[in-house]
There are 2 protein chains.
Amino acid sequence: MEQTKITINDVAKAAGVSKGTVDRVLHDRGEVSRKSREKVLRVIEELGYKPNVYASILASQKKHTIVCVIPEYSPGDFWSLTAKGIDESRETAFRYGITVNMVTYDQYDAESFRNACSEVLESNPSGVIIAPMFRMDTLKFVKELSAKNIPYIYIDSKLEDEDYFAYFGMPMYQSGYLCADILTGGRDVRKVYIVRIERDKMGYSDPTVARRTGFLDYMMNHYPDTETVNVFINPKDPKDVAAKLDEAFAEPCDGLRYIVMFNSRIHLVVDYLRNRDIGGCRVVGFDVLEKNVAALRSGHVQALIAQHSDRQAASAVTAMVDRLVLGSPVVRKDNYTQMDILNCYNCDYYM
Amino acid sequence: MEQTKITINDVAKAAGVSKGTVDRVLHDRGEVSRKSREKVLRVIEELGYKPNVYASILASQKKHTIVCVIPEYSPGDFWSLTAKGIDESRETAFRYGITVNMVTYDQYDAESFRNACSEVLESNPSGVIIAPMFRMDTLKFVKELSAKNIPYIYIDSKLEDEDYFAYFGMPMYQSGYLCADILTGGRDVRKVYIVRIERDKMGYSDPTVARRTGFLDYMMNHYPDTETVNVFINPKDPKDVAAKLDEAFAEPCDGLRYIVMFNSRIHLVVDYLRNRDIGGCRVVGFDVLEKNVAALRSGHVQALIAQHSDRQAASAVTAMVDRLVLGSPVVRKDNYTQMDILNCYNCDYYM
DNA sequence: GTAATTTCCGTGTCCGTTCACGGAAAAATT
DNA sequence: AATTTTTCCGTGAACGGACACGGAAATTAC
């Protein structure tokens with residue numbers, strides 16, 4: 001790997017043209033005869049010329065902006081992790097003279113998502129990163145992006161269109177399958193409580209549907225006779241949570257009670273269990289929210305399946321920066337991040 | 001966050017000096033009166049001047065070299081992962097005009113380590129990354145590095161000196177504790193086979209000793225009556241492995257046989273089990289070698305505890321690059337990487 | 001065949017630093 | 001006070017590439 005620095009001047013000299021011409025060829029800015037174009041291309045190939053990224057950044061004072069469209073968040077909740085990752089990558093991006101902005105929307109309100117989208121479109125960004133929740137509106141949005149030739153990356157979950165530049169997220173179906181294995185762990189399981197959000201019942205697009213399918217498939221394969229009970233709660237109303245769980249747990253249970261939730265809100269169940277002082281449960285949930293980890297430590301939750309949402313977001317920003325600055329193609333289009341199994345013994349080292 | 005670019009010239013003007021002086025202050029090159037030095041410093045503070053890294057890299061044609069000292073490796077073994085991480089970070093480093101070299105040594109031969117060290121010292125690198133195996137020799141080595149003012153980073157395991165610039169590795173004791181929890185999993189465990197390398201018996205420094213301690217502590221706390229059997233094998237001789245394991249497994253066992261290994265070589269046990277067609281074992285090991293993951297898939301191993309050694313190495317290189325180029329201090333000195341629990345359901349997404 | 005276009009290309013400045021060089025001012029020496 | 005030495009500082013040329021500008025050569029028009 002001989003890394004002698006070939007400059008644009010070396011290429012120009014070797015090709016018998018000026019650096020201006022070489023530059024035009026490099027950036028496809030036209031105004032170059034076919035002959036010299038080919039000559040330059042050949043010389044570049046022969047000499048193995050690689051542009052110096054830093055000189056390039058220095059010279060071109062382009063102002064790129066990346067916009068991230070994600071759900072609103074509060075400290076400690078799921079999306080705050082994604083926001084954290086974005087914040088962290090901001091500095092890296094800034095080194096390349098790239099600004100990273102964030103536009104948030106209410107994940108329960110499609111209208112607010114549409115507003116966010118048009119705001120983004122108006123700002124005319126160089127690249128967009130999307131955490132999609134509303135299928136139809138998102139598809140419309142990305143179509144407009146494509147039309148304007150703006151690359152976009154999905155994070156967390158992705159849609160079925162094919163124009164996206166990259167995707168970073170967890171394999172949802174598999175995570176459900178894994179979850180079932182961890183919850184049951186070879187025990188004799190008769191009944192499983194699946195706690196869900198009420199809106200799942202409506203037509204809303206539920207990002208965890210694939211996860212639930214994976215879970216149920218595992219149960220079908222390994223525990224065909226086990227009963228699954230869906231408990232629908234309103235996450236914003238602790239009283240409702242308590243009422244619904246009281247109802248579900250009304251009939252007594254010999255042995256362990258198996259409880260699972262497919263979004264990040266298992267801490268709601270924990271709050272309930274703690275209030276009622278209910279023990280003898282095996283509880284598994286997702287995502288490393290503060291509260292969830294606390295429940296892991298206190299023993300109310302036996303395992304969490306986690307992903308580095310912050311790292312996902314950071315990777316997305318980095319990928320976009322690379323694409324913008326170096327014009328590099330994606331390494332991989334779909335990047336499935338690993339599924340981490342957390343228990344009370346390894347959660348303290350999960351950062 | 002107003003990110004207007006303040007240049008060195010702005011600072012110079014505001015401080016009533018020339019950019020040359022500002023530069024001297026920035027790099028502590030002396031030849032600046034105390035008065036103007038303070039003035040410049042104050043102005044830098046006030047204006048919030050941040051040097052443009054890329055202009056800086058462009059202008060300073062320094063040739064930095066980072067050397068990584070790690071054990072020899074063959075495709076598929078533990079250290080090849082570390083080597084992979086180093087290779088991957090090489091490109092990033094090169095963007096900053098930094099060369100990354102690798103010097104390997106025989107992890108069973110202190111003499112070869114010493115040779116590697118003197119080779120490194122002669123090459124006069126800008127920074128060194130060490131995966132230590134021989135305590136005394138390493139301490140001597142890093143003392144010489146310190147004397148020459150060369151920063152060094154430990155990876156994988158670290159020593160008790162305090163001059164190291166950073167450390168990237170797994171919390172070894174905790175990983176042993178976790179391992180015991182996964183191996184036993186609340187079952188009724190009477191006896192555990194701990195398979196070890198013969199050299200552990202000698203005075204060699206065993207990097208997994210803390211891990212074993214963690215394991216045994218867990219057992220003491222949760223399974224005080226469980227017997228642990230040490231089986232010493234020669235990893236290079238399959239026949240010896242078979243003989244020793246035959247001997248250990250001679251007496252019959254009702255229920256599961258619990259087997260564990262604290263280094264990356266659990267696949268040796270798997271080979272044995274497969275040859276002898278022995279089932280009914282619960283096997284837990286460490287590290288995601290090809291062979292280990294295959295054993296996970298085939299069901300011969302129930303769980304692996306893994307770390308991203310490649311990422312560790314890459315992080316180490318990045319940290320060194322940052323230190324060399326940006327002169328940035330470490331974010332954290334000790335970086336404990338997470339412990340990943342792998343089973344057959346999530347290992348395919350572990351990269 | 002001359003003028004008007006079009007195509008193509010070289011020159012030169014700038015981006016924000018680094019650093020060698022040389023010289024002015026201050027301090028020390030005679 | 002003149003000279004030498006030391007201290008301090010400004011200047012300007014790189015570094016590698018981007019791009020505006022203007023002009024030569026090749027085409028086309030008349």
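In chain B, B:Asn149 occupies the loop between α7 and β4 (152-156); helices (H or I, at least four residues) and strands (E, at least two) are DSSP runs, numbered from the N terminus. The structure is a predicted model, in which local features require pLDDT of at least 70 and side-chain atom pairs count only at pLDDT 80 or more, while totals for chains, interfaces and linings use all residues. Residues are numbered from 1 along each chain as its sequence is written, chains are lettered from A and ligands numbered from 1 in the order in which they are written, and side-chain values use heavy atoms, with hydrogens and water left out.

**Relation of the two chains**

- Chain A is superposed on chain B by a rotation of 180° with 0.1 Å of shift along its axis, at an RMSD of 0.2 Å. This is the relation of a two-fold axis. The same surface serves both copies, as 100% of the contact residues of chain A recur in chain B.
- The copies are superposed by least squares on the C-alpha atoms of residues with pLDDT of at least 70 in both. Contact here means heavy atoms within 4.5 Å.

**Loop residues with positive phi**

- B:Asn149 has phi near 65°, a positive value in a residue other than glycine. B:Asn149 is exposed, at 67% relative accessibility; the classes are buried (under 20% relative accessible area), exposed (over 50%) and partly exposed (in between), with a 1.4 Å probe and protein chains only.
- A:Asn124 also belongs to a loop, the one between α6 (110-123) and β3 (127-130) of chain A. Its phi is near 50°, a positive value in a residue other than glycine, and A:Asn124 is partly exposed at 47% relative accessibility.

**Salt bridges**

- A salt bridge is a side-chain nitrogen of Lys or Arg within 4 Å of a carboxyl oxygen of Asp or Glu. By this rule, the count over all chains is 35 salt bridges.
- B:Asp310 and B:Lys84 are joined through their side chains by a salt bridge at 3.2 Å, N to O. The pair links distant parts of the chain, 226 residues apart: B:Asp310 lies in helix α13 (residues 309-325) of chain B, and B:Lys84 in helix α5 of chain B. B:Asp310 is buried at 12% relative accessibility, whereas B:Lys84 is partly exposed at 31%.
- In chain A, a network of salt bridges links A:Lys84, A:Glu88 and A:Asp310.
- A:Arg37 pairs with A:Asp28 in a salt bridge whose closest N and O atoms are 3.2 Å apart. A:Arg37 is partly exposed, with a relative accessible area of 31%, and A:Asp28 is exposed at 58% relative accessibility.

**Packing of α6(B) and α7(B)**

- The two helices pack at an angle of about 5°, with their axes 10 Å apart. α6(B) is therefore roughly parallel to α7(B), a class that covers angles under 35 degrees, with over 145 counting as roughly antiparallel, 65 to 115 as roughly perpendicular and the rest as oblique. Axes are lines fitted to C-alpha atoms, for helices over the stretch in contact, and angles run from 0 to 180 degrees between N-to-C directions.
- B:Ala110, B:Phe113, B:Arg114, B:Cys117, B:Val120 and B:Leu121 in α6(B) meet residues of α7(B), among them B:Asp137, B:Phe141 and B:Leu145.
- A salt bridge joins the side chains of B:Arg114 and B:Asp137 (3.0 Å, N to O). B:Arg114 lies in helix α6 (residues 110-123) of chain B and B:Asp137 in helix α7 (residues 135-147) of chain B, so the pair ties together parts that are 23 residues apart in sequence. B:Arg114 is partly exposed, with a relative accessible area of 36%; B:Asp137 is buried, at 17%.

- B:Ser89, in helix α5 (residues 78-95) of chain B, is buried at 4% relative accessibility. Its side chain reaches the backbone oxygen of B:Ile86 at 2.8 Å.
- Not counting residues up to four places away in sequence, B:Ser89 touches B:Ala314 and B:Val317.
- B:Lys191 is located in strand β6 (residues 191-197) of chain B and is buried, with a relative accessible area of 17%.
- The side chains of B:Lys191 and B:Glu251 make a polar contact at 3.5 Å. A polar contact is a pair of N or O atoms within 3.5 Å; within protein, one must be able to donate a hydrogen and the other to accept it, and residues adjacent in sequence count only if both atoms are side-chain atoms.
- Apart from neighbours within four places in sequence, B:Lys191 is in contact with B:Thr226, B:Glu227, B:Val229, B:Glu251 and B:Tyr258.
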